[in-house]
Amino acid sequence: MTEEQNNIWTQATREALEFGLAQFKLDPTSPIHGKPHWDRVASNVRKLVRPLTLTNDEVSVLAWFPFVHDCCRLYDYSDRDHGPRAARLLWNSPQLKGTPWLPYLAAAVQDHSFGYTTGPRVVRICWDAARLDIPRV
């Protein structure tokens, strides 16, 4: 990533973490779906994109995804609708309204637990980063 993109990553990560924690109803220290998981997903993103040239919009999506993809979970285990709930939250957020990359972030969050493998590159990277933190995968 360029220096500008590292700055975007740092700022977006701070905003996304604040946003995600404000919505999270479970124990934020839980290694299953709490901040430790989010941090591992963020680390996976960084590893996956190391060889890639990214746009600034992709960097924003990739920085936000780890900290919001599970933010609307009601249960640590079976909670099939947590992605769609989080996507609706993102679409309705005044903080994100009008950002050109919101459709990609919302798509990645909405469908991250359904096992899909096709879509825009940035969405697939998000899904892979989350899947890499699932021991059975």
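C71 counts as buried because its relative accessibility is 0%; buried means under 20% relative accessible area, exposed over 50%, and partly exposed in between, with a 1.4 Å probe and protein chains only. This is a predicted model, in which local features need pLDDT of at least 70 and side-chain atom pairs count only at pLDDT 80 or more, while totals for chains, interfaces and linings use all residues. Residues are numbered from 1 along each chain as its sequence is written, and side-chain values use heavy atoms, with hydrogens and water left out.

**Cysteines**

- The number of disulfides in the structure is 0, a disulfide being a pair of cysteine sulfur atoms within 2.5 Å.
- The closest cysteine sulfur to that of C71 belongs to C72 and lies 4.0 Å away, which is too far for a bond.
- C126 is in no disulfide either, and its nearest cysteine sulfur, in C71, is 14 Å away.
- C126 counts as buried because its relative accessibility is 0%.

**Overall build**

- The protein chain contains 6 helices and 0 strands; helices (H or I, at least four residues) and strands (E, at least two) are DSSP runs, numbered from the N terminus.
- In sequence order the pattern is α-α-α-α-α-α.
- For 137 residues, a compact globule would have a radius of gyration near 14 Å, and the protein chain agrees with its value of 14 Å. The radius is taken over C-alpha atoms, and the globule rule is 2.2 Å times the number of residues to the power 0.38.
- The C-alpha trace spans about 40 × 35 × 30 Å along its principal axes.
- Of the 137 residues in the protein chain, 46% are buried.
- Among contacts between residues at least 6 apart in sequence, 63% join residues at least 24 apart; contact means heavy atoms within 4.5 Å.

**Surface and charge**

- The protein chain has an accessible surface of about 7300 Å², and carbon and sulfur atoms account for 54% of that surface. Accessible areas come from the Shrake-Rupley method with a 1.4 Å probe; for residues, only the protein chains shown count as cover.
- There are 16 positive and 15 negative side chains, and the centres of the two sets are 4 Å apart. Lys and Arg count as positive and Asp and Glu as negative, with His and the chain ends not counted; the place of a charge is NZ of Lys, CZ of Arg, CG of Asp or CD of Glu.
- R14 belongs to helix 1 (residues 3-23) and counts as exposed at 52% relative accessibility.
- R14 and G98 are 84 residues apart in sequence, and their C-alpha atoms are 19 Å apart.

**W38 and P66**

- W38 is part of helix 2 (residues 35-49) and counts as buried at 0% relative accessibility.
- Not counting residues up to four places away in sequence, W38 touches a set of residues including L17, F24, H33, P66 and C71.
- W38 and A129 are 91 residues apart along the chain, with 10.0 Å between their C-alpha atoms.
- P66 lies in helix 3 and also counts as buried, at 0% relative accessibility.
- Leaving aside neighbours within four places in sequence, P66 is in contact with W38, V41, A42 and V45.
- P66 and A16 are 50 residues apart in sequence and 8.3 Å apart, C-alpha to C-alpha.

**Helix 5**

- The buried residues in helix 5 (residues 102-111) include L102, L105, A106, A108, V109 and D111.
- These buried residues pack against helix 3 (56-68), helix 4 (82-91) and helix 6 (121-131).
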